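Reader: I have a structure open beside its sequence, and I would like to learn how to read its side-chain features one at a time. Could you take me through them slowly?

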Amino acid sequence: MNLEKMASFCKKKGFIFPSSEIYGGLAAIYDYGHYGVLLKNNIRDAWWEHMVQLRDDVYGLDSAIFMHPTTWVASGHVEGFDDPQVDCRDCKQRMRADHILEEFNIDADKASLDFINKELNKLKEEEKIKCINCGSKNLTDAKQFSLMIKSNLGSPVDTLSEENVVYLRPETCGGIYLEYKNMLNSMHPKLPFGIAQVGKAFRNEIVARQFVFRTREFEQMEMQYFLHPDAMDEKYEMWKDLRWKWYLEYGIPEEKLRWYKHNVLAHYASQAYDIEFNFSCLNSFKEVEGVHTRGDWDLSQHSKHSGADLTYTDEKTEEKFIPHIMETSAGLGRITLMFIDNAYTEEEVEGEKRVVLKLDKRLSPIKIAVFPLLKNKPELVEKAQEIYKTTKEKWMCEFDVSGSIGKRYRRQDEIGTPYCVTVDFDTLKDNTVTIRERDSMKQERVDISKIIDYFKSKLED
Ligand code: GAP
C-alpha cells in the first residue's frame, strides 16, 4: 500500500477528502468524511478515557486557539519555530532540507543552518539531490522558514498590523501552561498532576505530499504532567510505559512500533523519546507521539513574561518552586492514518479479493450493519428496520438494502464494521437473524429478543 493508494481508498470510502477540491484543493489541508470523523472521534475518546477518565491525577481542558501574542514570544516560537527550506528554482516546489538529508541517513534534526547547507552542498556536488516535483537539480540553499501562522483580531484582516497580530496556536500545550494557575486554584490538585486537552493546531508546514501524516491544520492530543523535579525519572518511565501499552491495547502489533531517542535535545529537556510506527503507506517508521521532558522552561518563561506567580508550594515541606513538566503529545490525524494503515488488509476469499479494515471494534466507525435479505419484501424490510431502530439507540449502526448480501458484507468489511445482521425468510418463522463477524466471517443464528445482550457482550465487555 503506497500513499497514493491510501489517499484514494480514504477518499472513495468516505474517510478523508482533500479540502476545497472543487476549487483545485488546498495543499496539506484535509477534511474528514462520515466514517473518518467517526473513527477519529473514537480514537480521541479512547485516548481521553485512558488519559483522563481512568486517572485521578489528570484534568481535562479545552482552551482557545487564539492566545495572547506574548504567549508565543515567551515560549520561543516567534523567534525560532522554523524548518529549513530548500526551493526548486525551476518549478518553485518547496522541500524540507532536513528531510532531504534524512534520506541520506544524515541526522539534521535541530541542526544549524550552516551544518545543513554544508551537507546539502556536498550532495549537490555529487549530483545526488533533485526536486521531488520536476526532477531539476537547480535547488536553492536552505533558509529558515517560520511555521507560525498569523492572523489579526480587532482590525480589518487585510491590514496585518503588528499591534493586532495573533497566532493560530502551533501546539495545544500553550493553552495548558496559561491555564495552569486557574486549574490549580479551581481543582486544588497536589503534585504530581496532569492537564490534558485535544484540539486544533496550525503550522505553515513546508509541504511534501504526505497526506494526513503532515498537514497545516491538525489536531493534537496532549497531556502536560506537572511534578517536582525529583519525581521526574520515575514518572517519565511510568508515562512512557503507559503510552506504549495504549497502542498495544488498541491492536497495534509491538513489532510495528519502536522508540526513537532524540540525540539533540532542546536546551531545557533532559529526555526525549518518540513512539514511531512502521507505516506501510510511507514505507518507513515515522513518529506518531512524543514523550518529552521540558524542565521548568514553560512555566518559568510564562511567569517571566506575564509577571504572574506560577510557583507551587508543597504543603508538607513548605518548599516553593516552579513545577517541572513532562509531556505526551500525539497527532490525532496522524494516529487515525496509523490505525487505517495497520488495519487495511487484502485477502482472498473463495477466489475473490476481499478488502477488510481489521480495526479494534471499539474504534470501528460503524459497529453493526442491518440488512433485509431482499429489498422488495416489505415484511423483511420492516423487521430489519425494527432491529436497526433498537440497536442504533445504543451503537452507531447502518441500514443497507442495496445490492446482493455479498456486496453489502464487502462494503461493511471495507469500513471495518465488526458485525452484520441479516433478516431472512427464516426470521419470519423463528424470530432469529444471522449475525456475521467481520474477521472470521463466521455466521450464527441469534434470537431477536437476545440481540441487545449479544452485542453488549461483544462490543462492551
Ligand atoms: N507540544 C509538543 C509538540 O507539539 P511535536 O513533535 O511538534 O511536539 C507532537 O508534535 C505530535 O503532533 C507529533 O508526534 C505528531 O503526531 C503531531 N504533529 C506534529 N506536526 C504535525 C503536522 N504538521 N501534521 C499532523 N500531525 C502533526
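Reader: Which residue lies over the face of Trp259?

Author: A charge counts as sitting over a ring when the end of a Lys or Arg side chain is within 6 Å of the ring centre and within 35 degrees of the ring normal. In this model, which is predicted, Lys240 lies over the face of Trp259, at 4.9 Å from the ring centre. There is a second case, in which the charged end of Arg436 sits over the ring of Tyr409, 4.3 Å from its centre.

Reader: What salt bridge does the side chain of Arg436 make?

Author: The general idea is a side-chain nitrogen of Lys or Arg within 4 Å of a carboxyl oxygen of Asp or Glu. Here the side chains of Arg436 and Asp413 meet in a salt bridge, at 2.8 Å from N to O. Because Asp413 belongs to helix α13 (residues 405-415) and Arg436 to strand β22 (residues 432-437), the pair ties together parts that are 23 residues apart in sequence. Asp413 is buried, at 0% relative accessibility, and Arg436 is buried as well, with a relative accessible area of 3%. Both belong to a network of salt bridges that also links Glu347, Arg354, Lys358 and Arg410.

Reader: How many salt bridges does the count come to, and where does Asp241 find its partner?

Author: The count comes to 37 salt bridges. Asp241 forms one with Lys245, the closest N and O atoms being 2.9 Å apart. These two residues are separated by about one helical turn, because they stand four residues apart in helix α9 (residues 232-249). Asp241 is partly exposed, with a relative accessible area of 36%, and Lys245 is also partly exposed, at 45%.

Reader: How should I read the salt bridge between Arg445 and Asp424, and how far apart are its closest N and O atoms?

Author: The closest N and O atoms of Arg445 and Asp424 are 2.8 Å apart. Arg445 lies in strand β23 (residues 443-447), whereas Asp424 lies in the loop between β21 (419-423) and α14, so this pair ties together parts that are 21 residues apart in sequence. To read burial, take under 20% relative accessible area as buried and over 50% as exposed, with partly exposed in between. Arg445, at 35%, is therefore partly exposed, while Asp424, at 13%, is buried.

Reader: What joins the side chains of Glu219 and Lys40?

Author: A polar contact of 2.7 Å joins them. Glu219 is placed in strand β10 (residues 217-227), and at 18% relative accessibility Glu219 counts as buried.

Reader: Which residues make the nonpolar surface patch of about 230 Å²?

Author: The patch is made by Leu374, Phe425 and Leu428. Leu428 is in helix α14 (residues 425-430) and is partly exposed, with a relative accessible area of 40%.

Key:
Residues are numbered from 1 along each chain as its sequence is written. This is a predicted model: local features need pLDDT of at least 70, side-chain atom pairs count only at pLDDT 80 or more; totals for chains, interfaces and linings use all residues. Side-chain values use heavy atoms; hydrogens and water are left out. Patches are made of residues with over 30% relative accessible area and no salt bridge: like charges are joined within 9 Å, nonpolar side chains (Val, Leu, Ile, Met, Phe, Trp, Tyr) within 5 Å. Accessible areas come from the Shrake-Rupley method with a 1.4 Å probe; for residues, only the protein chains shown count as cover. Buried means under 20% relative accessible area, exposed over 50%, partly exposed in between (1.4 Å probe, protein chains only). A polar contact is a pair of N or O atoms within 3.5 Å; within protein, one must be able to donate a hydrogen and the other to accept it, and residues adjacent in sequence count only if both atoms are side-chain atoms.
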